[in-house]
Amino acid sequence: MNIQEIYKLAIKMGIENDLRGTKAVQKILKRAKEKYDVMSSEKKKEFDTERLTNPFADTRILYGDPKKEIKKVLVGVDIGPGEVLIAEKLGVDLIISHHPSGKALADLHDVMNLQAQVLADYGVPINVAESLMKERISEVARGVSAVNHQRSVDAVKLLKIPFMCIHTPADNCAATFLAKRLKREKPETLGELIKMLKDIEEYKIASQNNAGPKIWVGSDDTSAGKIVLTEITGGTEGAKGIYEKMSQAGIGTVVGMHMDEERKKNAQEAHINVVIAGHISSDSLGVNQILDELEKKRIEVITCSGLTRVSRVKTSTRRRRLDPYIHFTGLAEADKLKPKTKVKPKTKIKPKAKVKSKKKSTKKKRK
Ligand SMILES: [Zn+2]
């Protein structure tokens with residue numbers, strides 16, 4: 001798999017898992033093309049033509065030859081110059097950051113339009129959602145403009161290590177994963193919702209590190225009502241005044257990755273329950289779905305910067321039994337752990353009678 005193929009795969013998965021639905025996303029691409037076609041040549045020079053095929057402005061190849069074949073990647077939630085040095089030491093072919101960097105960070109606000117459409121799908125009138133989001137989007141655009149976008153890109157250029165970031169496509173994968181669980185489990189109380197989340201490996205591990213899912217507004221026995229995932233994907237936190245409108249639209253509980261104090265207060269005042277699933281654990285849940293696809297192509301995945309790798313690549317029961325590390329580390333790592341010489345598996349299944357007799361014989365030997 002080369003860099004371009006990884007990038008295209010991420011976009012494809014992002015579209016397939018978009019809460020707005022594939023058709024709505026295709027419409028956005030079509031509109032971008034229509035706008036581009038009537039642009040002046042001067043404006044076309046500045047236009048990022050990736051927008052014509054990629055609806056996620058926060059996902060880009062930031063450095064490197066797109067045709068370069070990849071065998072080993074370093075993936076992290078945030079990639080700074082420190083992680084770039086780690087990548088050089090590990091001799092990886094590509095670095096993947098979850099949070100956007102470079103031009104993808106400068107354009108982060110662009111993906112936030114997603115939130116307005118998702119809110120509309122949950123019953124908030126689109127005109128209300130769009131008008132509240134418009135203000136928030138410009139606030140985020142101004143906020144990121146102060147950031148040193150190119151810092152990590154400059155670092156990879158100096159060490160000549162290809163670099164890309166995959167943000168909203170991964171968050172979309174996390175949102176769809178959670179939407180499917182909600183549909184299946186139908187939690188009625190916040191306690192049941194927390195239990196559902198803690199059954200997911202990434203959140204289970206986060207809980208062991210004191211960063212598991214938590215109820216921010218409400219209690220274990222509070223009825224969840226209509227649960228929405230408006231704050232799992234769509235760039236960053238949504239508009240402040242949105243909770244009152246959500247309440248009016250019949251929404252009961254918001255599951256988010258993170259929330260600031262002011263928004264939490266707003267939600268409380270609007271009688272909206274808040275469950276915070278966890279930021280880095282939710283990021284990991286999304287990125288892991290994409291990494292599973294890389295793993296299937298036998299690309300070695302090394303994680304850093306908070307990313308908890310949980311592999312869901314299906315392997316045969318026998319393989320899973322022989323490789324105890326397979327569930328967490330994935331195929332590539334498990335391959336490395338396999339003994340080079342053929343060793344008889346300890347857990348070989350034998351007929352019951354024979355197993356009994358073997359047990360007796362080992363007991364005798366021990367005596
Ligand atoms: Zn994040």
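The crossing of helix 11 and helix 14 is right-handed, a crossing being right-handed if the near helix is turned clockwise from the far one by less than a right angle, and left-handed if anticlockwise. The contact draws on E202, Y203 and A206 of helix 11 and on S281, S284, L285 and N288 of helix 14; two residues are in contact if their C-beta atoms, placed from the backbone, lie within 7 Å. By class, this contact of helix 11 with helix 14 holds three nonpolar, three polar and one charged residues. Ala, Val, Leu, Ile, Met, Phe, Trp, Tyr, Cys and Pro count as nonpolar, Asp, Glu, Lys and Arg as charged, and the others, Gly among them, as polar.

The model is predicted: local features need pLDDT of at least 70, side-chain atom pairs count only at pLDDT 80 or more, and totals for chains, interfaces and linings use all residues. Residues are numbered from 1 along each chain as its sequence is written.

Axes are lines fitted to C-alpha atoms, for helices over the stretch in contact, and angles run from 0 to 180 degrees between N-to-C directions. Helices (H or I, at least four residues) and strands (E, at least two) are DSSP runs, numbered from the N terminus.

The crossing of helix 4 and helix 8 is right-handed. On the helix 4 side, P81, V84 and E88 take part, and they meet R151, S152, A155, V156 and L159 in helix 8. Five nonpolar, one polar and two charged residues make up the contact of helix 4 with helix 8.

Beyond helix 8, the loop between this helix and strand 4 (163-165) contains K160. Phi of K160 is near 55°, a positive value in a residue other than glycine. K160 counts as exposed, with 9 C-beta neighbours inside 10 Å; a residue is exposed if 12 or fewer other C-beta atoms, placed from the backbone, lie within 10 Å of its own, buried if 20 or more do, and partly exposed in between. K186, in the loop between helix 9 (168-185) and helix 10 (190-198), also has a positive phi, of about 45°, although it is not a glycine. With 12 other C-beta atoms within 10 Å, K186 is exposed.

The strands include an open sheet of four, in the order 5-8-7-6, with mixed pairing. Strand 5 (214-217) and strand 6 (227-231) are the edge strands, each pairing on one side only. From one strand to the next, the twist averages 30°. Strand 5 pairs with strand 8 (residues 273-276) in the antiparallel sense over three bridges, where pairing requires that DSSP find at least two bridges between two strands. I215 stands opposite V275 in strand 8.

Finally, I242 is placed in helix 12 (residues 242-248). I242 is buried, with 29 other C-beta atoms within 10 Å. Apart from neighbours within four places in sequence, I242 is in contact with L119 and L132. I242 and A267 are 25 residues apart in sequence and 8.4 Å apart in space, C-alpha to C-alpha.
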